[in-house]
Amino acid sequence: MASAKENTRNPWLWVPSLYLTEGLPYILVISISIVMYRDLGISNTDIAFYTSCLYLPWVIKPLWSPIVDMFNTKRRWVLLMQLLIALGAGGIAFALTTSHFFFYSLLFFWLLAFCSATHDIAADGLYMFGLPPFRQAYFVGIRTTFYRLATIVGVGSLLFFSDILQKYWNPAESWSLIHLCLALLFSAFCLYHYYALPYASADRPHGKSQEIFKEFISTFVSFFRKKHIGTALAFMLLYRLSESQLLKMVYPFLLDSKEKGGLALSASNVGVIYGSLGMIALTAGGIIGGILIARNGLKHWIGWMTLAINLPNFIYVYLALFQPENLTLISSLLMVEQFGYGFGFAAYTFYLILFSSGEHTTAHYALCTGFMALGMMLPGMISGWISDTFGYPLFFLWVMLCTIPGFILIRYLKIPENVN
């Protein structure tokens, strides 16, 4: 019966929608929450600290992935997480109508974050179980495209609608309505996927908890016994030290008034410029970076890519000092910065792949991504305090100083010379 159901599932009917659903909760937690809390009058200090803490589920995601393997099928995990994400979005909509909206909405954002991270585990597992290897290779670009599409369209459209709604209602009412609509959207995705997701014969719980945990401990220990683990961990945590702080303050800086040191852009303009055009530039930079690494190897390009991810941050120093009003100029500069980020991030991603190679490749890569999230979480927590205390110009100068560890680390990084 399962086999018959499995054979009737056309990948085009579930792979794009599955990864669209995977991308949307992530941008809600990581990006949209920043803009929403800024609109609701929360300080940069609190915004940066509390929204950075929301990275934690992605930091510890590798630790509970064995639980997803042990209990129930990946298909059921996906459906359950999508239902809980819908409930979480609805909870945020309700929380924003209360006097203690910050505390209650954060609780629901935590629910969204944990469910989104768990959904990542289950969706990737279902992708592998639901498709034969040749189909997995064919659809790998499709899944990435729709995940990126969720980011590009999600940020741009949500900020656009918030801008429109706030012309008629206050920020709390506007964001409450947006999250209510998102709750309905995720409910619709859950219902659709109930019928569209495949019943893969290989998708079943392992059940042997002792063996799974024993293998997990062995995998965890072997990761920290890898050669040059100290340098590798330092690279994972510090290569994006500047970006981890910058990303938390970009939206408040672009939206804040000129008196507060910002650029006073509308939310719809920010959504288009940084959310949509910026993500397109970032994606293009990543694609070009990947092609060049494949052609000449990481060792050849890592210096240039470290320059690309760090030096364009000086754009924000210029914007904070001179506060230009020309929208075309601002858009062009931000697209250059995002292209450089995407280009430089290709080196980071490929190094994680190289370092994870060997025995337990998949599990070791998951641990690497956990450290990657930790490297974003910890510095981001203090970025708002620095911004509030010293102002945007000095904050962005501090961000430039934080690029130095990355340049130092690449001198000591061990990269296999024969890997292209």
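A salt bridge here is a side-chain nitrogen of Lys or Arg within 4 Å of a carboxyl oxygen of Asp or Glu. By that criterion the structure holds 5 salt bridges, and one of them joins the side chains of Glu-325 and Lys-258 at 3.3 Å, N to O. This is a predicted model, in which local features need pLDDT of at least 70 and side-chain atom pairs count only at pLDDT 80 or more, while totals for chains, interfaces and linings use all residues. Residues are numbered from 1 along each chain as its sequence is written, and side-chain values use heavy atoms, with hydrogens and water left out.

**Salt bridges**

- Side chains of opposite charge can pair when their charged atoms come close.
- The Glu-325 and Lys-258 pair links distant parts of the chain, 67 residues apart. Glu-325 sits in the loop between helix H15 (314–322) and helix H16 (327–356), and Lys-258 in the loop between H12 and helix H13 (267–296). Helices (H or I, at least four residues) and strands (E, at least two) are DSSP runs, numbered from the N terminus.
- Glu-325 is exposed, at 68% relative accessible area, whereas Lys-258 is partly exposed at 25%. Buried means under 20% relative accessible area, exposed means over 50%, and partly exposed lies in between (1.4 Å probe, protein chains only).
- Lys-61 and Asp-120 meet through their side chains in a salt bridge of 3.8 Å, N to O. Lys-61 belongs to helix H5 (residues 61–70) and Asp-120 to helix H7 (residues 101–130), so this pair ties together parts that are 59 residues apart in sequence. Both Lys-61 and Asp-120 are buried.
- A salt bridge of 3.2 Å, N to O, joins the side chains of Arg-38 and Asp-39. Arg-38 is partly exposed at 24% relative accessibility, and Asp-39 is buried at 17%.
- Arg-38 and Asp-39 are linked with Asp-256 in a network of salt bridges.

**Nonpolar surface patch and helix H8**

- Phe-160, Phe-161, Ile-164, Tyr-168, Trp-169, Leu-177 and Leu-180 make a nonpolar surface patch of about 720 Å². Helix H8 (133–165) and helix H9 (171–196) are the elements that give two or more residues to this patch.
- Patches are made of residues with over 30% relative accessible area and no salt bridge; like charges are joined within 9 Å, and nonpolar side chains (Val, Leu, Ile, Met, Phe, Trp, Tyr) within 5 Å. Accessible areas come from the Shrake-Rupley method with a 1.4 Å probe, and for residues only the protein chains shown count as cover.
- H8 contributes the most to the patch, with 3 residues.
- Ile-164 lies in helix H8 and is partly exposed, with a relative accessible area of 32%.
- Ile-152 is also found in helix H8, but is buried at 16% relative accessible area.

**Helix H17**

- Helix H17 (residues 361–390) has 30 residues and reaches 44 Å from its first C-alpha to its last, close to the 44 Å expected at 1.5 Å a residue. The expected span is 1.5 Å times one less than the number of residues.
- A kink of about 25 degrees in H17 is centred on Gly-380. The bend at a residue is the angle between axes fitted to the seven residues ending there and the seven starting there.

**Helix H12**

- Gln-245 lies in helix H12 (residues 241–255) and is buried at 1% relative accessibility.
- A polar atom of the Gln-245 side chain lies 3.1 Å from the backbone oxygen of Leu-241.

Note on methods. A polar contact is a pair of N or O atoms within 3.5 Å; within protein, one must be able to donate a hydrogen and the other to accept it, and residues adjacent in sequence count only if both atoms are side-chain atoms.
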